[in-house]
Amino acid sequence: MEVEPVVSDSAADTKPEEVNTKSDEIVAEPTTDEKVVVDATEAKSTTKEDEYAYLETTGFTSERFKIEIRNMPKYYGIAELKKFLNSELSLSTNKIKIIRPGCPFLFVCFRDEKGRQAAITTLNGYTWKNKKLQAFEAKPAPDPLVKRRNQASGADGKVTVKKRKTLEESVTALAYLSYEDQLVQKQSEMRNVLNKLGKEVWKTCPALRGHVEEERKLHDGLPCKLERIRKSPQVDGYRNKCEFSIGKDDQGEIRVGFRVGSYSNGFLDVESPQNLKNVSDKMKATVKFYEEFVRKSTLDVYSPETYQGHFRQLTVRTSSSTGDVMVVIGIHPQTMTEEELTAFKASIVDHFTSDQGKQIGISSIYLEKIGKRESGQTVNPVEHLHGETHIVDVIHGLKFRISPLAFFQINTPSAEVLYQCAIDLAETSQQTSVLDICCGTGTIGLCFAKHCKQVLGVELNPQAIEDAKYNAELNKIDNCKFYAGNADDLITSLIRNANIQAGENLVAIVDPPRAGLHVRSITQLRNARGLNRLIYVSCSPNSAVKNWVDLMRPCSKAMRGTPFVLKKALPVDLFPHTPHVELVLLFEREPEKEEAEMTEVEEKEGDEAKPADEEMKVSDSEIVEGEAKEDTEMKTVSEEVEDKTNGQD
């Protein structure tokens, strides 16, 4: 999955303490050694601003109806907590604010005073996980932007701020190094990750200490063999997707680019991407072209502080094979009438279909409405305005249709390297069935198709599954099936549907989001008989260590299946000029235990064999309709927090 951050406005709108699971904002952190004094453009006097003015000026905010819950248990999951509050206790929470993993207190917001008082009455004195909870009213949080300005404002009306990093330093932190030196640094970081894994296995799995020590002797202190990092075929201008913010720079000029800073540290300036090495010339030209449109428009840019204005975001996707460009114009509609919105759409189309737009290669135009999301809404609505509905890119000679919101590796040439590494490690044959867990638009599975008997993929996003099925038809591949649903619920059903016969084998390819797989998925993979080889592709190796430990830990009540053993790790550089790197790991079953178990199972099945037409099989419809569950938030607290922090690398 994609790991390098891309700009998003949503994180800038976040008030303090709020759990924010969207982790793709570029943030330029302030340094600590220098200070810069700038004019306070909005300060008319030395009077401090009201840090709670937003309660009256921004409409509804659940900060008005917040409670604090103390004496929380040390271990619980986000989904478990939401089920406890909303299902078991019938409380209608609006927002849950986790401080950090294991913190004994948290904050919960409601939509009205009635909801808040009902929660206090129910929760105060309630025992959960052997902990007697305490609940009481909590004060609203101050506006972090105003608070930061007040802290930095001097008696002379000037605002003293710590000097922040440049956009280049924040987005392409390794660009000052030669590419070879970047690879050396990334190789070293992957050594650190594997060392961390070895220590975690040693600490949490005493039975594996002997194995860890043997591996360390063989692999220079590491718990497995670490291959040399694979280079990216394209070093500069490799990004095929960027989400650009729209705002103003420190001089007050309208910019389309990347945000420097965040709401919490007091910086909302937007700077141009023209000097960034990882952004292509075609993408830079598109940004500059749209910036001209925004500057000429009578509509204003959106302000995360006041929630006023319209222009919020520009998403640009490009195809490395065709050169086509897709643009997604993100606006807040505010109180625009249908007539005004129709006129705006027409002006967008006129601008991008001009001669200059054609010269850039713009072939697809969408409008995205970015407003306050309703309960249960996970994506913003997009509307096709002009041109093609998709762009097409090519990996391993296969064509892939890409929709506006679909995931696709942002470095296409390097994705070919990544997928080839996974294919090589899997060692599949025409007797191999492949489980593609978190399959997205089917890119990995379809690349595996000619190397195996069949591919069965599962993905939570229904639109991505539609793209995966279309991509299979587009490439005339008939041994791949894709299912929409939560991998946590469907892995066992997929294995049954694979219908593995004698002499055949099963391989799983896991390519999860940054936080990794939920423990339910790990448990199902551990319990899967016949699954002897697993390829784990991680875009955030530090966040995935817990998953790897769970795959390896000895059998227990929670992890009943035979444990896996880590055999090899292979880094692949998808993000030149940044610290991020993908890590591909090969896990295999412990041979002596797995062989004994499989022999016992085969003997039992031989005694209880039934005719083929009487065997229990799971149909495609049963997978999609009977067992798929829309459980989108099954993450632990630590995973939620890592999602938030990883996006600010």
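**Nonpolar core and helix packing**

I437 touches V458, A487, I491, I509, V510, D511 and L517, leaving aside residues up to four places away in sequence; contact means heavy atoms within 4.5 Å. The model is predicted, so local features need pLDDT of at least 70 and side-chain atom pairs count only at pLDDT 80 or more, while totals for chains, interfaces and linings use all residues. Residues are numbered from 1 along each chain as its sequence is written, and side-chain values use heavy atoms, with hydrogens and water left out.

I437 is one of the residues with the most contacts inside the largest nonpolar core, along with L534, Y536, W548 and F587; this core has 50 residues. A nonpolar core is a set of buried Ala, Val, Leu, Ile, Met, Phe, Trp, Tyr and Cys residues joined through side-chain atoms within 4.5 Å. Buried means under 20% relative accessible area, exposed over 50%, and partly exposed in between (1.4 Å probe, protein chains only). Helix α6 (residues 179-204) gives the most to the core, with seven residues. Helices are DSSP runs of H or I with at least four residues, strands are runs of E with at least two, and both are numbered from the N terminus. Another core, of 44 residues, lies apart from the largest one and has I391, I410, V455 and F575 among its members.

The axis of α6 comes within 10 Å of the axis of helix α16 (residues 541-552), and the two cross at roughly 40°. Axes are lines fitted to C-alpha atoms, for helices over the stretch in contact, with angles from 0 to 180 degrees between N-to-C directions. The two helices are therefore oblique to each other: angles under 35 degrees count as roughly parallel, over 145 as roughly antiparallel, 65 to 115 as roughly perpendicular and the rest as oblique. From α6, E189, M190, V193, K196, L197, E200, V201 and T204 make the contact, and from α16, P541, N542, V545, W548, V549 and M552.

Elsewhere on α6 sits K199, which is exposed, with a relative accessible area of 58%. Its C-alpha is 9.0 Å from that of V212, 13 residues apart in sequence.

V581 lies in the loop between β24 (564-572) and β25 (582-589), and at 4% relative accessibility V581 counts as buried. V581 and L183 are 9.6 Å apart, C-alpha to C-alpha, though 398 residues apart in sequence. Among the residues that V581 touches are K186, M190 and P541.
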